[in-house]
Amino acid sequence: MGRFFQWMLTGLGRARILAGLLCMVGGVAAPSFTAELDPDQIAVGDFATLKLAFTDLGDVVAPPPPVVPNASVTYRGSSRQFSIVNFSRSSTVIHEYAISPKTQGTATIPAITVEVDGRKYTSEPVVLRVGAGRDLSSIGFLKLSVPRTNVYVGETFPVEVRFYFRIQPAQQAPPTITMEGFLKGRQHLDSLPPESINGHDHAVARWTLAVTAVKPGDFEIGPAELQTVYRYESRRGFFGGYESRQLTFTSDPLHLRVLSPPAAGRPATFDGAVGRFRVDVSASPTNVTVGDPVTVRVRIAGRGNFDGLALPALPPNSGFQSYPGTNSFVEAKDDPLGLSGTKSFEVVLVPEQSGLQRLRWPVITSWDPVDRKYVTEEGRPLTIQVRPGAGGQAQPTGSNVVAASASPASRTGPVPGDLALKTELGRLRRVSGSVVMDGGFWVAFGMPLLAYAVVAGGIRWRRRRREDPAVAQGLRLRHAVSEALAGLALHAQSGRSPEFFTALHSALQGQLALVLGGAAGSYTEDVIDGKLASRGLDSENAERLRSLFSAIAQARFAPGTTPGELSERAADAEQVIQALRRLEGAV
């Protein structure tokens, strides 16, 4: 035995032992790609996790979500695992997807093929068994409603989505509504008093959306879908605990008929306005000279589609020339959707002829969708006294008689009382000009006055900007957007996904409010193809913005995005914000 140990300690024995240890510890598992479902049997309304595991294939990017019929697939994030089994080490990258089936039966996740370093790897198909879902009515239900099922082209009306629930969800996203032939506007969330339904108390959450009909025909609004997350006691594993389940509530669709305002009896002054409006007109000054500007202020108050409301052109031979002005809209305090309020116009008119001018303008004709009739509104006629201008003043008429001058009588010699005339003027000397006539004098005299006027004007301008609510709101929004953008890079580098998507949501909503003029937090991706496209947003940035909206929605249900993906989202957000800033002020 002693000789055996002595042999092991020799150089040859040590070399063999070292080689054997290196072979055992340094073994590496063969690269592989597998797909697994956890669990492989669920009920309608639940979701299963599809795990795509890449072993010893390096940093494999996430494959596109597989297409599964009658199911939604959402990417949830990635993780990495290291293991050593029988002295064989391996590194595995796992990409996870949430699969939520909508019907019971079987859902097959097809084989997925990826290419790594020129070699293709294919997973095996996996089958998800879906049983009958739980009775969602015991938890809550969704209801979609509109004031009327017959509406008119150009009419803006509210669409309500009410969620009646007995159990409060842990998370919920704003509902989605499929619709064609309508434009979506502002939306608002509020809570209503509880209601008793079938002997059970239900809490009520209400989402209200402003919708405008754009073309006639029979259309369907809905169904509305609400994605929620509930926490249930888990029976998996030895220790149990809680697990999150995604439940989708769906409403019944609504059938609407969209009509055009009738051609019979349509006034010539009708320009497509739909709603109920009142018109008030004022002008100042009312005593001017030909060519002097007159500011006309028009206030149109009521309820209807204010986006399509504009002033008509001046009537021919009105005696005035109009110039473009400004307009603003202030919604009613109890109407966050902007369906009722006051739209104010301010235009400049310049009189072209003298005399007492009377102007009946503007005349607003709208279609009242409730009473189903045309209504013409106009303010009191404007009466403006116009005096002739300097070039148009009347010249005196008649003869201007000038008496003929008599020939002076010739005389010789001086006459008493006459002054002696100097016949020799002497040498002429140049007289220096007055300092007052020197240009430098006026420059030196005027510079302090000019500097004072500039400073005083700047102070007054800044004070007025601070006091202007619209300007103050714009400054606050720009500051909030800048702070949110500054925080994106920090959150991305540190991998803080919840803080990153909160800052991303604030930056996008604030910049959209600056561009579209509404309230921050009320915009969805529906504004991309509507209002932003009409203002000139290019397709590349529109797609980036749509992707960012989708990422924010996914983050509510699937946190845990990697720092690399957050950095890419931050870069996309900066490009989108720059593109939206170029649209500020565009019409």
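**Terms and values in a predicted model**

Of the 587 residues in the protein chain, 36% count as buried. The model is predicted, so local features need pLDDT of at least 70 and side-chain atom pairs count only at pLDDT 80 or more, while totals for chains, interfaces and linings use all residues. Residues are numbered from 1 along each chain as its sequence is written, and side-chain values use heavy atoms, with hydrogens and water left out.

Me: Why is Met447 called partly exposed?
Reply: Buried means under 20% relative accessible area, exposed over 50%, and partly exposed in between (1.4 Å probe, protein chains only). Met447 has 49% relative accessibility, so it counts as partly exposed.

Me: Where is Met447 placed?
Reply: Met447 lies in helix H3, residues 439-467. Helices (H or I, at least four residues) and strands (E, at least two) are DSSP runs, numbered from the N terminus.

Me: How many helices and strands does the protein chain have?
Reply: The protein chain has eight helices and 29 strands.

Me: What makes E3 and E7 edge strands?
Reply: Two strands pair if DSSP finds at least two bridges between them. The order in this open sheet of three strands is E3-E10-E7, with mixed pairing. Strand E3 (41-43) and strand E7 (105-109) each pair on one side only.

Me: How do you know that E3 pairs with E10?
Reply: Pairing requires at least two bridges; three bridges join E3 to strand E10 (residues 126-131), and the two run parallel. Ala43 has Gly131 in E10 as its bridge partner.
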